[in-house]
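Thanks, everyone. Let me put the model on the screen, and then we will walk through a few of its residues.

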Amino acid sequence: LKEYEGDDIYCIGGAKVYAELLPLCDECLVTKIDESYEADAYFPDLDSDPEWELVRDGSEEDERTYFDVVYHFLKYKRKVSQPV
């Protein structure tokens, strides 16, 4: 990651990519949908992880709808920054 300029680097997973890069992140921008689906992999539950805190809760101004699926933009910050 040091070869990239700037502090903002975005990762769009798969589960293995998330698992490898999440320990290096200080901030996560998460799109959370108001639906439940059967799947074989999920993004980690940052709400139950004591290392992370929700700093933007996806309130109504962050709510969007695509067809009939409602989703919210959330922002999490790591409580203690990880060294890169």
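Start with Arg-78. Arg-78 has a relative accessibility of 8%, so this residue counts as buried. Buried means under 20% relative accessible area, exposed means over 50%, and partly exposed is in between, with a 1.4 Å probe and protein chains only.

Some ground rules before I go on. This is a predicted model, where local features need pLDDT of at least 70, side-chain atom pairs count only at pLDDT 80 or more, and totals for chains, interfaces and linings use all residues. Residues are numbered from 1 along each chain as its sequence is written, and side-chain values use heavy atoms, with hydrogens and water left out.

Where does Arg-78 sit? In strand S4, residues 69-78. Strands here are DSSP runs of E, at least two residues long, and helices are runs of H or I, at least four; both are numbered from the N terminus.

Now its surroundings. Arg-78 is in contact with Leu-22, Pro-23, Cys-25, Asp-26, Glu-51 and Trp-52, leaving aside neighbours within four places in sequence. Contact means heavy atoms within 4.5 Å. The side chain of Arg-78 also reaches the backbone oxygen of Leu-22, at 2.7 Å.

Next, charge. Side chains of opposite charge can pair when their charged atoms come close. We call it a salt bridge when a side-chain nitrogen of Lys or Arg is within 4 Å of a carboxyl oxygen of Asp or Glu. How many salt bridges does a search of the whole structure find? The search finds 4.

Arg-78 makes one with Glu-51, and the closest N and O atoms are 2.5 Å apart. That pair links distant parts of the chain: Arg-78 is in strand S4, while Glu-51 is in the loop between S1 and strand S2 (52-56), 27 residues apart. Glu-51 is partly exposed, at 40% relative accessibility.

Stay on S4 and look at Lys-75. Lys-75 forms a salt bridge with Glu-27, with the closest N and O atoms 3.8 Å apart. Again the pair links distant parts of the chain: Glu-27 is in strand S1 (residues 27-33), Lys-75 is in strand S4, and 48 residues separate them.

Glu-27 has another partner. The side chains of Lys-77 and Glu-27 meet in a salt bridge, 3.1 Å from N to O. Lys-77 lies in S4 and Glu-27 in S1, so this pair ties together parts that are 50 residues apart in sequence.

Strand S3 (residues 63-66) runs antiparallel to S4, and 4 bridges join them. Two strands pair if DSSP finds at least two bridges between them. One of the residues to look for is Glu-63, whose bridge partner in S4 is His-72. S3 and S4 form a hairpin with 2 residues between them. In the turn, Phe-67 has a positive phi of about 55°.

Last, the cysteines. How many disulfides does the structure hold? The count is 0. A disulfide is a pair of cysteine sulfur atoms within 2.5 Å. For Cys-11, the closest cysteine sulfur is in Cys-25, 6.7 Å away, too far for a bond. For Cys-28, the closest is also in Cys-25, at 5.1 Å, again too far for a bond. Cys-11 is partly exposed, at 29%, and Cys-28 is buried, at 7%.

Methods: Polar contact = N/O pair within 3.5 Å; in protein donor to acceptor, adjacent residues only side chain to side chain.
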